[in-house]
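This report describes selected local features of the structure shown below. It begins with a metal site and then turns to helix packing and backbone geometry.

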Amino acid sequence: MPDRLVLLGSKGGPALRPGGPWPSSSLLQIGGRSIAVDCGLGVTRGLVDAGTSLKSLDLIFITHLHSDHVLELGPLIHTAWTAGLATPVGVFGPPGTGHYWRRFCQAMEFDIEIRIVDEGRPDIRDLVSIGEFGEGQVVAQGGLTVSALRVEHPPVTDCFALRFEHGAKSVVFSADTAFYPPLADFARGADILVHEAMLEEGIERLVARTGNGARLREHLLASHSFAEEAGSIASDAGVKRLVLNHLIPADDSLIGEADWTAAVRKTWNGDLTIARDGLVVGLSSAKAAAGEETA
Ligand SMILES: [Zn+2]
Ligand SMILES: [Zn+2]
């Protein structure tokens with residue numbers, strides 16, 4: 001299995017629009033492990049379309065409990081279970097992740113109990129272990145290490161950037177965050193930094209077409225980063241590739257890849273990928289691999 005990153009859902013926020021991209025989720029395959037990072041709506045479909053077997057679902061990380069990052073966590077595990085999952089799944093998320101999972105199992109109790117009896121399945125509640133984490137090292141197993149950094153995403157306090165390392169490879173996810181300079185140290189020298197991004201000229205149009213305009217603008221400016229800011233974190237960190245993800249706006253017909261590129265080029269000269277659902281970013285070498293798009 002080649003090491004790779006697949007951007008399954010690339011838009012910021014929970015809204016869906018016809019033909020548009022899905023909320024946040026990614027697949028990271030590194031050192032023989034398949035890791036889902038965030039479980040926004042569409043993660044299950046995305047993992048299947050990326051060619052993974054749900055039965056071999058193994059590790060899941062949640063950066064924070066906003067719905068566009070966690071809404072499909074339970075349905076993903078449940079769907080894997082009905083597909084034949086019989087091995088342990090480790091779920092790592094901020095405080096509250098265990099509460100979500102227990103309540104999901106309660107909500108699905110009828111179906112879970114009936115499938116255990118009717119289909120002879122193992123108890124899904126015994127297969128899943130939840131590890132709630134704070135800042136620092138989260139996982140060190142079989143050569144894989146994962147560490148977390150609390151980022152700036154008010155009013156959410158438990159929102160964590162994640163750094164995955166295996167051998168000489170490293171991939172960092174910013175999670176949702178306003179411009180946060182300590183992230184540069186945390187992402188130092190990574191092969192890939194996946195950073196969230198907004199485009200200034202798109203925000204006003206987004207705010208205008210959404211019911212809750214003024215409040216939305218206030219939240220976006222306090223809690224998210226502009227593409228230029230993502231670029232300056234990548235430059236300070238000296239990463240090998242910047243992937244702009246969790247795009248806001250993601251589905252404005254007047255905004256295309258060239259606009260994102262123009263914004264981020266003010267602060268970042270290195271290899272660049274603008275996320276799109278299903279896009280594969282190779283991790284086998286620093287340079288472009290098959291299926292990868294470079295801008
Ligand atoms: Zn989000
Ligand atoms: Zn968020």
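## Zinc site and selected local features

The model is predicted: local features need pLDDT of at least 70, side-chain atom pairs count only at pLDDT 80 or more, and totals for chains, interfaces and linings use all residues. Residues are numbered from 1 along each chain as its sequence is written, chains are lettered from A and ligands numbered from 1 in the order in which they are written, and side-chain values use heavy atoms, with hydrogens and water left out.

Donors are N, O and S atoms within 2.8 Å of the metal (3.2 Å for Na, K and Ca); water is not among the atoms, so sites may look incomplete. Asp176 also coordinates the zinc ion (ligand 2), which lies 3.4 Å from the zinc ion (ligand 1). Both Asp68 and Asp176 are buried, where buried means under 20% relative accessible area, exposed over 50%, and partly exposed in between (1.4 Å probe, protein chains only).

His246 is placed in strand 12 and is buried, with a relative accessible area of 3%. Helices (H or I, at least four residues) and strands (E, at least two) are DSSP runs, numbered from the N terminus. Although not a glycine, His246 has a positive phi of about 50°. Ala175, in the loop between strand 10 and helix 7, likewise is not a glycine and has a positive phi of about 60°; Ala175 counts as buried because its relative accessibility is 10%.

| Cis peptide bond | Omega |
|---|---|
| Pro154 to Pro155 | about 5° |
| Ile248 to Pro249 | near -5° |

Pro155 lies in the loop between strand 8 (144–150) and strand 9 (160–166), while Pro249 lies in the loop between strand 12 (241–248) and helix 11 (257–264).

His99 belongs to helix 4 (residues 97–107) and counts as partly exposed because its relative accessibility is 43%. His99 and Ile130 are 31 residues apart in sequence and 9.6 Å apart in space, C-alpha to C-alpha.
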